[in-house]
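Subject: Structure handover

Hello,

Here is the structure I said I would pass on. My notes on it follow below.

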Amino acid sequence: MKKLKRNFPLHFMLWPGVFFTIIYAYGPMAGLVMAFQEFEPLSGFFKSKFIGLDNFKYVFQLPDFNQVLWNTVLIAVCKMILFLLVPLVLALLLNEVTKSWFSRFVQSAVFLPFFLSWTVLGGVVIELFSLNGPVNALVSSLGLEPIMFMLDNSWFRTIIIGSDVWKGMGYNMIIMLAAITGINATLYEAAEVDGAGKWKQMIHITLPGIAPMIIVLAVLGLGGVLNAGFEQILIMYNPTVYEGSDIIDTFVYRLGIFSQQFGPAAAVGLFKSVISLALVSVTYYAAYKYNNYRIF
Amino acid sequence: MKWHKSWSVIVSLSLVLSVTAACSSKDGNKEGASSSPSSSASVAPSASSESGEASAETTKPEPLGKYPETVTVTEVIGYNPPEDPRTPSGMTPDQNKYLVDLKEMTNIEVKFKWMVPNNQYEQKFSLALASGDLPDIMELDQKNFEKLKNQNMLGDLTEAYEQYASPDLRKYMESDGGFAMKTFSSDGKQLAIPAFEDPFLSTQLLWIRKDWLDTLGMQPPTTMAELDKVAEAFVTQDPDRNNKNDTYGVSLQKELFFWGFDLRGFFNGFGAYPSVGDKQSAWIKGSDGKLAPGLIQPEMKAGLEMLQSWYKRGIINKEFALKDENKAVEDIVGGKVGISYGEWWYPNWPLNSHMDKDPKAEWIALQIPGLDGPGKSLVPKLRAGKVFAVSKDMKHPEAAIKMLNFYIEMGYKKYKDDEKAAKGYVYNWFNPRIYNPADIDNIYTEVNKALDAGQTEITLEDENFSNVDSVFRATKEYLAKDTSRQSLGISWGQYYSRAAKDGGWGTTKKVKESNQFVNNEFYGLPTETIVSKGGQLDKLMQESFTKIIMGASLDEFDKFVASWKSLGGDKIIEEVNAWYDTQAVK
């Protein structure tokens with residue numbers, strides 16, 4: 001009881017988040033029933049006809065579906081790995097910077113694009129990589145043929161992944177930097193006394209020290225493994241690169257909003273959620289098993 | 001310690017407050033947005049229904065009769081900026097002066113549930129449809145009409161039309177023998193009033209820079225081979241004489257079949273009829289008497305082959321697949337491109353802006369070039385892009401009819417006002433509105449008659465006055481190079497699109513009279529499979545064609561045809577032919 005009283009402000013702070021989740025995450029779950037219905041919007045959930053798994057069958061036999069699934073996994077996995085790797089390297093490097101004004105400047109500069117919306121940034125990226133854009137000016141100044149980045153499937157995918165990592169890397173970097181700061185300084189002093197250089201210190205102190213944080217970020221990232229970045233791709237893609245960049249979300253969007261096939265669209269959404277849930281559970285369990293780490 | 005504790009409480013409280021404040025304002029907005037239309041929808045009609053019943057007893061139906069008590073109707077709108085630059089800036093559709101006049105004349109008040117820029121309309125309407133949050137009066141395309149009809153959501157307009165339609169509206173609807181009206185009725189119920197127009201408005205023309213042709217000493221092209229030469233010259237021979245390699249031949253954007261700056265007319269030149277512009281194929285009568293989709297016919301291949309070569313030679317923009325129609329328009333207005341396929345209205349927009357920017361620019365209209373001699377453009381049998389319907393929950397369906405009457409009424413001479421735009425009248429923000437289906441031909445004839453007779457003003461006394469008058473005055477001003485009222489480009493645009501004998505409608509008229517067209521035989525509502533598979537098939541088409549144009553093997557086309565058929569195309573062919581056998585008027 002005493003404990004509860006002491007922690008009351010903390011519990012109190014939790015409530016907005018809980019309400020938010022109930023309203024916006026649990027509430028809409030009722031809509032999943034659409035996945036099993038031949039959903040007619042104006043008849044609503046109650047009057048629409050139930051058709052079992054027909055929506056799923058329909059979606060899985062669509063010729064695009066495999067390609068879409070593959071794209072989603074490929075893009076998302078690349079993004080996930082890079083979202084751990086790039087910020088980690090950045091954080092480790094920044095940690096070694098002794099001039100604090102420089103470190104702070106870089107932190108802000110890296111974090112800044114995180115706040116820009118894809119609606120704005122998408123246009124900028126398209127212009128940057130267009131045939132007459134600065135990147136191609138650079139390419140041709142090297143004596144190479146200009147490249148149509150936005151119309152070439154493999155280039156486009158690279159740009160999608162690269163630009164998203166560039167935009168979002170600041171966030172994870174800050175988290176990792178914070179974790180590094182939290183490592184007990186005496187460990188480093190002891191290591192120095194034992195004659196360990198910077199490299200050894202990093203391998204044996206810093207990395208193990210922030211391993212739990214990396215695992216948390218990985219688990220969180222894996223939950224979104226089928227989220228390959230809807231907003232970004234929707235804004236940047238075009239019919240020529242559908243093949244390499246059409247992901248589940250854009251597919252559902254076109255199916256649901258433009259073709260108004262709400263049932264199949266809900267089915268794909270549900271499919272995606274189930275896979276994500278399975279993946280999160282597995283990683284979470286693995287993290288607990290091998291690293292004895294758990295959130296709950 | 002104590003200090004520490006209280007400090008933490010303060011911080012946590014303020015955090016919580018700020019978060020809840022942010023949340024609640026968000027929720028508040030959402031609720032406000034969603035509750036106000038529903039309350040207006042539920043309260044207003046019930047309040048007015050009593051008055052409606054009362055008035056029904058006392059007054060007999062009048063096309064523009066004034067309700068004793070205000071009747072509120074809800075609408076939604078996707079809108080473009082006003083066409084007329086004299087319109088006060090910052091206006092939104094709910095401030096349209098037409099609505100004020102409507103209220104004054106009939107006591108109908110229009111409330112917009114939402115207003116979005118036109119390019120977001122389709123999406124927003126789909127969402128509204130998904131949530132069942134429909135306005136009283138709706139502007140629908142055929143696909144959505146079909147959907148709402150099947151779900152039994154549309155109100156019956158039979159009685160409202162019978163009792164309230166004005167003589168002018170009746171005249172329009174009967175001008176095609178009631179054909180269009182019949183298309184949108186079912187089981188003896190009139191479910192929508194179609195805004196149909198002269199089908200020849202869809203005729204494809206070739207718009208080309210006459211001044212560039214003159215500079216290069218070339219003749220207007222009449223065959224595809226000649227067009228090929230001209231287009232190449234526009235790329236390589238510096239037609240604008242600025243000593244820069246910055247011009248190209250034919251305008252194109254990522255939607256290959258669209259409402260403009262697209263390839264419909266181009267393929268027509270090869271005797272191929274792939275599309276009517278929206279996401280559906282055109283249907284041509286085959287030698288076996290059945291309807292066949294133009295999209296998958298072998299004639300398409302020759303067209304794709306030429307496009308492929310055009311792409312390689314830089315005649316079409318290398319990055320067309322990234323450009324939307326705004327970019328295509330930018331290139332036209334910026335004097336970068338010399339040829340564009342499109343309909344009669346190009347001078348009205350965007351060519352008029354180009355003329356204002358560069359007075360030397362001279363665009364002319366040509367019949368589309370074909371394989372040997374001029375080609376035949378596709379013309380639909382029925383051009384009813386949109387229809388007006390009411391929700392079945394609407395208490396006063398006749399209000400929709402009255403609003404149609406109202407808009408037609410505003411065309412009479414007594415409402416003439418030179419300052420309409422400046423006062424905030426924006427005609428295309430007013431819905432429902434239906435034009436005289438013969439409007440454009442009427443304007444062409446009347447203006448030319450008045451010009452030939454040397455009249456100084458239009459003397460017409462019917463509801464067409466304002467449309468004819470505005471073109472006539474623009475023509476006069478263009479010919480006299482008078483820019484006191486509007487820019488020369490705007491005057492030229494109105495003149496050259498509608499009244500000039502060699503202009504947009506003038507050229508179309510020649511095509512019509514010389515029978516240089518092919519009919520799209522399918523004018524029924526989209527079939528079940530078109531509705532459900534259309535999006536998929538369209539994506540397949542866009543992807544395959546874009547790739548072929550950008551250099552993929554032409555065999556891709558055969559693969560496309562096979563996939564198109566197996567992914568639902570065969571079913572569509574069946575359905576369309578079933579419709580043709582049973583319902584088409586042959």
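UniProt positions are given in the numbering used here, with feature names shortened, and an annotation may be inferred rather than shown by experiment. Please also keep in mind that this is a predicted model.

The UniProt entry, which is unreviewed, lists "transmembrane region" at residues 12-36, 68-93, 105-126, 169-188, 209-230 and 265-287 of chain A. I have notes on two of these spans. Residues 265-287 of chain A are 100% helix and 0% strand, with 33 Å between the end C-alpha atoms. Residues 105-126 of chain A are 73% helix and 0% strand, and there the end C-alpha atoms are 27 Å apart.

Contact between the chains. On chain A, 28 residues are in contact with 30 residues of chain B. Helices α1 (2-26) and α13 (248-258) of chain A each give at least two residues to the side that touches chain B. The largest share of that side, 5 residues, comes from α1(A). Sorted by class, the side of chain A that touches chain B consists of 18 nonpolar, 8 polar and 2 charged residues.

A sheet in chain B. Here 3 strands make an open, antiparallel sheet, ordered β3-β14-β6 (chain B). Because β3 (137-140) and β6 (193-194) of chain B are at the edges and have a single partner strand each, one side of each lacks a neighbour in the sheet. Strand β6(B) is joined by 2 bridges to β14 (residues 387-390) of chain B, and the two run antiparallel. In this pairing, I193(B) is opposite F388(B) of β14(B).

Regards

Key
Residues are numbered from 1 along each chain as its sequence is written. Chains are lettered from A and ligands numbered from 1 in the order in which they are written. This is a predicted model: local features need pLDDT of at least 70, side-chain atom pairs count only at pLDDT 80 or more; totals for chains, interfaces and linings use all residues. Two residues are in contact if their C-beta atoms, placed from the backbone, lie within 7 Å. Helices (H or I, at least four residues) and strands (E, at least two) are DSSP runs, numbered from the N terminus. Ala, Val, Leu, Ile, Met, Phe, Trp, Tyr, Cys and Pro count as nonpolar, Asp, Glu, Lys and Arg as charged, and the others, Gly among them, as polar. Two strands pair if DSSP finds at least two bridges between them.
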